[in-house]
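Subject: Structure handover, aromatic contacts and sheet

Hi,

Here is the structure we talked about. Please load it before reading on; my notes follow below.

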Amino acid sequence: QVQLVESGGGLVQAGGSLRLSCVASANIFSGNVMGWYRQAPGKQRELVASIGTRGSTNYADSVKGRFTISRDNTKNMVYLQMNSLKPEDTAVYYCNALYVKVSWGQGTQVTVSS
């Protein structure tokens, strides 16, 4: 079973930055579109950023211009650089492949104070 481990979350003030990392126990990055998701209490999990097999990226309107997704297939890792954080970004953040999902990891908590 492929395992996903997210890290890098924490408590930050509004306007601050965080860099999230995700590592997989096996290579699921090659040939797969990867994404970062988030889920806030009482809300559905939403896709906030994705990166294609050839490096193309897409972002939810709510984070566009503030978040940057990147990947390193040789290290089985995907990253999410988050700048200009807002309290509305508070959520648990997860990574996964978009179309051939494996079991979700524990996620990493991001809390943005006002």
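Arginine 45 lies over the face of tryptophan 104, 3.7 Å from the ring centre. A charge counts as sitting over a ring if NZ of Lys or CZ of Arg is within 6 Å of the ring centre and within 35 degrees of the ring normal. Arginine 19 also has its charged end over a ring, that of tyrosine 79, at 4.1 Å from the centre.

Two notes on the source. This is a predicted model, where local features need pLDDT of at least 70 and side-chain atom pairs count only at pLDDT 80 or more, while totals for chains, interfaces and linings use all residues. Residues are numbered from 1 along each chain as its sequence is written, and side-chain values use heavy atoms, with hydrogens and water left out.

Now the ring pairs. The whole structure holds two aromatic pairs. Rings of Phe, Tyr and Trp (its six-membered ring) pair if their centres lie within 6.5 Å; planes under 30 degrees apart are stacked, over 60 edge-to-face, the rest tilted.

Tyrosine 37 and tryptophan 104 are edge-to-face, because their planes stand at 90°, with ring centres 5.1 Å apart. Tyrosine 37 is in strand β4 (residues 34-39) and tryptophan 104 is in the loop between β9 (91-97) and β10 (108-113), so this pair ties together parts 67 residues apart in sequence. Strands here are DSSP runs (E, at least two residues), numbered from the N terminus.

Tyrosine 94 and tryptophan 104 are also edge-to-face: the centres are 6.0 Å apart and the planes at 80°. Tyrosine 94 belongs to strand β9, ten residues from tryptophan 104. Together, ring pairs link Tyr37, Tyr94 and Trp104 into a cluster.

How accessible is each member? Tyrosine 37 is buried, at 8% relative accessible area. Tyrosine 94 is buried too, at 14%. Tryptophan 104 is partly exposed, at 29%. The cut-offs are under 20% for buried, over 50% for exposed and partly exposed in between (1.4 Å probe, protein chains only).

Last, the sheet. Six strands form an open, mixed sheet in the order β2-β10-β9-β4-β5-β6. β2 (10-13) and β6 (57-59) are the edges; each has a single partner strand, so one side of each lacks a neighbour in the sheet. Two strands pair if DSSP finds at least two bridges between them. β4 and β5 (residues 46-51) run antiparallel and are joined by five bridges. There, tyrosine 37 stands opposite leucine 47 in β5.

Best wishes

Methods
Helices (H or I, at least four residues) and strands (E, at least two) are DSSP runs, numbered from the N terminus.
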